Amino acid sequence: MNGRRIEILAPAGSPDALTAAVRSGAAAVYLGVGQFNARQGAHNFRTEELAEVVTYCHAREVAVHLALNTLVRDDELEEALHTARMACESGVDALIVQDVGLARILRVAAPHMPLHASTQLSCHTPEGVRFLRDAGFSRVVLSREMSREEIAACTRLGVETEVFVHGALCMSVSGQCYFSAMLGGRSGNRGLCAQTCRLPFAPTDGLLRQAPPDKAALSLKDNCLIDYVEELIALGVTSLKIEGRMKRPEYVAAACAVYGAAARGQAVDPDALCDLQRVFSRTGFTDGYFTGKRGASMFGVRRKEDVLAASDVLGRLAHAYEREQPLVGVNMHLSATPERCHLTASDRQGHTVTVSGQGTETARQQALSPDKAEQQLRKTGGTPFMVEKIGIHIADGQTLPLSRLNALRRDALEELLKVRGGTAPIPYYHKIPPLPESVSANSTAQVLRFFTYTQWTANDASLVILPLDTPVEHIERVSSFQPVGVEIPRGMFGTESAVRSQLMTARQAGAVAALCGNVGALPLAMEAGLYPIGGFGLNITNRQAVAFYAEKGLKAATLSMELSFDQIKAMKTFSLPVGLLVYGRQPLMLTRNCPRRCAAGHCRDCQHQGLIDRTGTTFPVQCTGGCAEVINSVPLYWGDRMSEVPATAFHLYHFTIESTDEVTSVLNAYKRGDSLPINITRGLYRRGVQ
């Protein structure tokens, strides 16, 4: 890594940002092409530009990571694979992938292409890291909400780790936000997030009719871990990632310069850090997740004064990357004789070129000294090279016009740049692994998920899912009536050991299944001997993803809430029994910062409290497992339109704030095919998402 102790990974949302990143010392860049990247609003690059980008970066000792990190539907897999094939042909260094179905294919079609597990996979536990490692990922991009202790537990597990150190923080755990999709049909899991969280939200207090414009209970300040670079290196982190494919090139340059200096062990220039804050911040930065000091101080919005502060530094920052920087070490050797002059240039990677020119002349006055020749050869300004070692042999009494010597230097460095930019393609075989044998269901099972065990009442459901922390005596009681499962929290930050213990206790009390909404949950459920059922948090949108989880031990899976009924019907068959969420206030956002506690100072009685937006709509907030969940204002309901619902192996009823009587009313309404006497939503099953 050109002497770097850790990789600085920079965003390249546009050609100008790419140039800024490379010239400001980034060891690697990440960028998107086409429609399958999580920042479709960025400038991005055309597929046909990819080879040129890779050549430019590799010539300057910079790796290229291609973001192919959105969920992909069955009818889109072929196009996504075309993008992957172009990446292989261009010599891209790695693909960042969220969709495990796409990853399953790529491990067969492009076995030599490194795959990086996107932060959209919500991985934040050691078991999750091991799971992705064993699935063929060479690097895991960890969730942004992790503390130093939690990051430490996930490093040195036989796979590279990447940590976001600077830039915007989503309020939601990446991959677990459905707010934009549910409210506007723009899916954050497909790169089209409308940033609903930046709009006004305020805690409900019984008086507000709409959120005041200055209340931003879901808007976090930007992350800044510049003070902890040495610690992250010591923890064994592979890559420090800068967020910002939607941001200006000047921001990229400033961030790369600051973090690059820190990565080299240099003291950070306070003025440079000030410039970074001025070019973009939301009234300052936060390190609250890394330090574990979560709370109201982490929240902020971009105000007028922040925008004005940026205008003063943009020109100066742009000037900093307008010329090539000497980032690549090169050795030179000059042999100059009357017969011929030869200049050889070589780099650390073993690339070597030799250029030749007309021989020397007998000096009439003063011979060309080795010192003077070296002085000329070291003039590499305007190129990405810096001369490290130099050897010179000039025949006695000979001279060479400096213009000819300069031409040799230019020709040698141009040739070396071409050689360095030449990248061998990665083999791509376009082999699609077969799907395992399909399963079919003779009838549709009814699975009831409860937020609290007190909501349960005797019913005839096929399976009841209770919270993981349900008291043993209640699990025993319910299991005497019907099969019982427990729900593993989708957020398990720092609690993996406790979850493991709770699962064993639940099994001993009579639980037979576990609802798994995170990649780290599946191995824990299997270890406990529980029947693992995939939850909606796994974001399954294609049959290859179903096959992936079937091969990893999952026994049943809930399909994504972002699929339409037509898309589900088009898939026809699956490798596992699959189900749909057919009732409930759908989760919109999973966050490690309770927005009510941070905005109102408390989160008492979250069962009946929530957030209000600028339209006066109230969204309940529920806290569980160390995280908070913002849920929809009205429940999803299809009981009166069941003929439109695709045939699947099971239906999942997701109960949240309902009382026991309301649970009974909903179940009876489904039995009778009645409508509900309250406002409902049909979710995304009709319109789907972009």
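What radius of gyration would a compact globule of 690 residues have, and what does the chain have? A compact globule would come near 26 Å and the chain has 29 Å, which agrees. Keep in mind throughout that this is a predicted model.

**Stop 1: the whole chain**

Start with everything selected and the C-alpha trace on show. Along its principal axes the trace spans about 110 × 55 × 40 Å. Switch to a cartoon and you will have 22 helices and 30 strands to look at. Now try a surface: the chain exposes about 26600 Å², and carbon and sulfur atoms supply 49% of that area. Of the 690 residues, 60% are buried. Among contacts with a separation of 6 or more, 70% are between residues 24 or more positions apart. If you colour by charge, you will be looking at 71 positive and 68 negative charges, whose mean positions lie 2 Å apart.

**Stop 2: helix 2**

Next, select residues 50-59, which form helix 2. Seven of its 10 residues are buried, so this helix is largely enclosed by the rest of the structure. Show side chains for Leu50, Val53, Val54, Tyr56, Cys57, His58 and Ala59, the buried residues of helix 2.

What do those buried residues pack against? Three of the partners are helices: helix 1 (15-23), helix 3 (77-90) and helix 15 (402-421). The others are strand 2 (28-31), strand 3 (63-68) and strand 12 (328-336). Before you leave, step along to glutamate 61, which follows helix 2 and has a positive phi, near 65 degrees.

**Stop 3: the aromatic pairs**

Now turn to the rings of the structure, where a search of the whole model finds 15 aromatic pairs. Select tyrosine 228 and phenylalanine 290: their ring centres are 4.9 Å apart and their planes meet at 40 degrees, so this pair is tilted. Tyrosine 228 sits in the loop between strand 9 (222-224) and helix 8 (229-235), while phenylalanine 290 belongs to helix 11 (residues 288-291), so the pair ties together parts 62 residues apart in sequence. Are these two residues buried or exposed? Tyrosine 228 is buried, with a relative accessible area of 14%, and phenylalanine 290 is buried too, at 2%.

Move on to tyrosine 637 and tyrosine 670. Here the ring centres are 4.8 Å apart and the planes stand at 65 degrees, so the pair is edge-to-face. Tyrosine 637 is part of strand 29 (residues 636-637) and tyrosine 670 is part of helix 22 (residues 660-672), so this pair ties together parts 33 residues apart in sequence. Both tyrosine 637 and tyrosine 670 are buried.

For one more aromatic view, select Phe131, Phe548 and Tyr549, which ring pairs link into a cluster.

**Stop 4: histidine 651**

Finish at histidine 651, in strand 30 (residues 650-654). Its relative accessibility is 9%, so histidine 651 counts as buried.

Notes:
Residues are numbered from 1 along each chain as its sequence is written. This is a predicted model: local features need pLDDT of at least 70, side-chain atom pairs count only at pLDDT 80 or more; totals for chains, interfaces and linings use all residues. Side-chain values use heavy atoms; hydrogens and water are left out. Helices (H or I, at least four residues) and strands (E, at least two) are DSSP runs, numbered from the N terminus. The radius of gyration is taken over C-alpha atoms; the globule rule is 2.2 Å times the number of residues to the power 0.38. Buried means under 20% relative accessible area, exposed over 50%, partly exposed in between (1.4 Å probe, protein chains only). Contact means heavy atoms within 4.5 Å. Accessible areas come from the Shrake-Rupley method with a 1.4 Å probe; for residues, only the protein chains shown count as cover. Lys and Arg count as positive and Asp and Glu as negative; His and the chain ends are not counted. The place of a charge is taken as NZ of Lys, CZ of Arg, CG of Asp or CD of Glu. Rings of Phe, Tyr and Trp (its six-membered ring) pair if their centres lie within 6.5 Å; planes under 30 degrees apart count as stacked, over 60 as edge-to-face and the rest as tilted.
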